[in-house]
Amino acid sequence: MLIPLSALFCSKEGASQVRLKIALFTDENGHNFTFTSPNARNEREKFKNELTVIVGTNKAAAEAGVSGTRGVPPLPLSRAESVASERRATTPVIAGIDPAKDFKLRKKVLMGNPDLATLHKDLVISGQITEAEFWDGREHLLLAQAAADNQRKGKPGQLVDPRPETVEGGEIKIRITPQLVHDIFDEYPVVGTAYSENVPNKLTEEQFWKRYFQSKLFNAHRASIRSSATQHVVKDDDIFDKYLEKDDDELEPRRQRSDPVQAVIDLAATLEDHGETGNDKDITMQPGRQKGALPLIRKFNEHSERLLNSALGEVPPAKRRRLDPGEDPYTQIDFEDLHDAEASAGILLEMKDRQRYFEGRMASQAEEEAAANKVKQITCKDAPILPLATKGLDYKSILSEAKLGLQKWNGNLTHLKIERKAGDNALIGMTQNVAALLDVRSRKNDIPDGLFRQMTTCQTAANEFLRQFWSATYPPPVDSQSVLSAATPAQRATKAAKMIGYLVKTPEKVEALVRMAQQHGVDGSKVETAMKPVLNAVDQALNFHRNRKPQAPPVRK
């Protein structure tokens with residue numbers, strides 16, 4: 001037996017009491033429930049999600065004339081309730097997501113896309129198309145939103161570096177938030193140690209942060225190269241100075257990696273790559289020519305390593321990829337793409353009449369040699385015509401002529417004249433393009449904002465009706481899971497005819513916009529030009545629907 005639920009009502013967010021009211025087909029007053037546990041809102045949401053499915057099923061059954069419960073006839077529904085139940089019953093729901101979450105996804109998509117929300121308000125809320133028809137073909141937006149909601153966000157890649165702000169009166173302040181405190185403790189554990197050892201016994205929390213941002217320890221943690229001038233400006237602090245560490249500016253970093261590194265990405269692999277001439281380190285591979293930049297570079301490297309470790313999550317070290325100690329180091333840098341292509345011997349060709357083939361080759365070679373034996377001549381500018389040898393080229397003569405032509409080349413270069421016409425034309429063309437672009441940007445739009453919004457609304461509505469018409473006219477893709485893919489041919493034809501009824505009114509709407517523009521003193525041809533692509537698309541759809549042959553009903557045997 002199905003529960004005769006007809007509607008659900010919830011208390012507003014932030015109300016003092018968490019309530020849930022259910023209405024029944026047999027009792028309009030229904031029942032009220034108040035949740036008093038510490039997790040009252042979560043419990044109400046669980047009940048709400050479960051009961052929402054039942055309410056939708058009951059209303060769909062009541063609309064179809066089926067009793068919501070055995071022996072309990074459904075009450076007659078109003079027109080608004082009928083339309084709402086129809087929309088809820090046919091609204092596409094992503095697999096694995098309950099209707100409540102699906103509604104939240106649609107709401108997020110509309111809130112993130114104002115243009116789509118306006119179109120939804122103009123077409124769905126006004127009752128021109130149903131909720132299911134609007135979202136048909138837009139399932140990818142819901143899937144993308146669901147994937148974005150389920151995606152686990154990683155740690156921000158920005159290095160923690162609080163920036164002071166100058167307020168009125170010339171005072172410098174730093175806004176401290178709980179997230180900033182957490183990031184500082186995570187990025188610099190020594191600050192967390194200092195906090196636990198001094199707060200609240202020696203310092204209050206306000207005094208701690210005030211002295212920290214004025215100490216050398218904070219200056220050492222800044223994401224910039226520390227200058228000697230800044231070091232002298234910062235005052236000594238007897239509490240934070242004892243947590244200072246020596247700058248990591250030596251040739252070898254203070255924190256050495258213990259895990260083996262692949263040779264193909266190991267930047268230190270060439271430190272001792274000159275075994276033939278000695279085992280001294282390669283001085284060209286020393287990091288950082290400026291000693292003051294080394295601590296900052298190594299700080300960035302450690303920060304990147306922490307980001308990568310946080311991305312791995314709680315993966316145990318045993319499951320992370322480890323290098324085989326017995327693996328040959330050369331195999332780490334040996335890539336198949338770097339090898340030369342192996343020469344292939346090819347496939348032996350079996351020929352029946354080999355003598356005829358080679359005789360033809362010999363005859364063609366004889367003709368080529370006879371043509372090559374003719375005397376050839378080369379004509380050079382400002383040089384005599386020189387005959388060449390009959391059996392080959394005279395390279396000495398060619399080289400001497402080339403040297404002769406290159407003599408006094410610098411003097412000849414001064415007499416070179418380049419026509420300015422081509423360059424001037426190119427410069428004039430670029431100048432005209434830039435001037436036209438600036439003219440378009442600086443030109444004021446003389447169409448009023450109200451008229452422009454109505455033009456936009458008309459265009460987006462016509463595009464949506466066209467999308468609905470063509471999706472109902474053409475067969476859906478084989479792998480489509482939309483609502484129309486399960487619709488019958490009669491339902492698809494009904495929807496196409498419905499969209500045609502809306503599209504027929506588009507020229508009238510455009511004419512009304514033209515008259516409105518003329519009333520505002522705007523040239524109506526501008527509106528006609530702007531709306532002409534939409535009118536052409538509408539005319540094409542109307543002609544297609546008008547010339548389309550009606551499909552014959554299936555023959556019954």
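## A nonpolar surface patch

Val261, Val264, Ile265, Tyr330, Ile333, Phe335 and Leu338 make a nonpolar surface patch of about 670 Å². Patches consist of residues with over 30% relative accessible area and no salt bridge; nonpolar side chains (Val, Leu, Ile, Met, Phe, Trp, Tyr) are joined within 5 Å, like charges within 9 Å. A salt bridge here is a side-chain nitrogen of Lys or Arg within 4 Å of a carboxyl oxygen of Asp or Glu. Val264 sits in the loop between helix H11 (228-233) and helix H12 (294-312). Its relative accessible area is 40%, so Val264 is partly exposed. Buried means under 20% relative accessible area, exposed over 50%, and partly exposed in between (1.4 Å probe, protein chains only).

## The model and its make-up

This is a predicted model: local features need pLDDT of at least 70, side-chain atom pairs count only at pLDDT 80 or more, and totals for chains, interfaces and linings use all residues. Residues are numbered from 1 along each chain as its sequence is written, and side-chain values use heavy atoms, with hydrogens and water left out.

The protein chain has 21 helices and seven strands. These are DSSP runs numbered from the N terminus: helices are H or I with at least four residues, strands are E with at least two. Of the 557 residues, 24% count as buried. The accessible surface is about 41700 Å², and carbon and sulfur atoms hold 55% of it. Areas come from the Shrake-Rupley method with a 1.4 Å probe; for residues, only the protein chains shown count as cover. Among contacts (heavy atoms within 4.5 Å) between residues at least 6 apart in sequence, 58% join residues at least 24 apart.

Helix H3 runs over residues 99-112. Its 14 residues should span 20 Å at 1.5 Å a residue, and the end C-alpha atoms are 20 Å apart, which agrees. The expected span is 1.5 Å times one less than the number of residues. The buried residues of H3 are Ala100, Asp102, Leu105, Arg106, Val109 and Leu110.

Helix H15 (residues 395-406) has twelve residues. From first C-alpha to last, H15 reaches 17 Å, close to the 16 Å expected. The number of buried residues in H15 is zero, so this helix lies largely in the open. Just after H15, Lys408 takes a positive phi of about 55°.

## Salt bridges

Side chains of opposite charge can pair when their charged atoms come close. The structure holds eleven salt bridges. In one, Asp102 pairs with Arg106, with the closest N and O atoms 2.2 Å apart. Both partners lie in helix H3, four residues apart, about one turn of the helix. Asp102 and Arg106 are both buried.

Glu464 and Arg138 form another salt bridge, at 2.5 Å from N to O. This pair links distant parts of the chain, 326 residues apart: Glu464 is in helix H18 (residues 449-473), and Arg138 is in the loop between helix H5 (131-135) and helix H6 (139-150). Glu464 and Arg138 are both buried. Glu464 also bridges to Arg467, where the closest N and O atoms are 2.9 Å apart. Arg467 and Glu464 share helix H18, three residues apart, about one turn. Arg467 is partly exposed, at 28% relative accessibility, whereas Glu464 is buried, with a relative accessible area of 2%. Elsewhere, salt bridges that share partners join Asp102, Arg106 and Glu131 into one network.

## Nonpolar cores

A nonpolar core is a set of buried Ala, Val, Leu, Ile, Met, Phe, Trp, Tyr and Cys residues joined through side-chain atoms within 4.5 Å. The largest has 27 residues; Ile129, Phe134, Trp135, Phe465, Phe469 and Leu503 have the most contacts inside it. H3, helix H4 (114-125), H5, H6, H18, helix H19 (489-503) and helix H21 (524-547) each supply at least two residues of this core. H18 gives the largest share, six residues.

Phe134 touches Leu110, Leu116, Leu119, His120, Val124, Ile129, Glu464, Arg467 and Gln468, not counting residues up to four places away in sequence. A second, separate core of 19 residues includes Val160, Val191, Leu203 and Phe218.

## Around Ile500

Ile500 is found in helix H19. Ile500 counts as buried, at 9% relative accessibility. Leaving aside neighbours within four places in sequence, Ile500 contacts Phe469, Ala541, Leu542 and His545.
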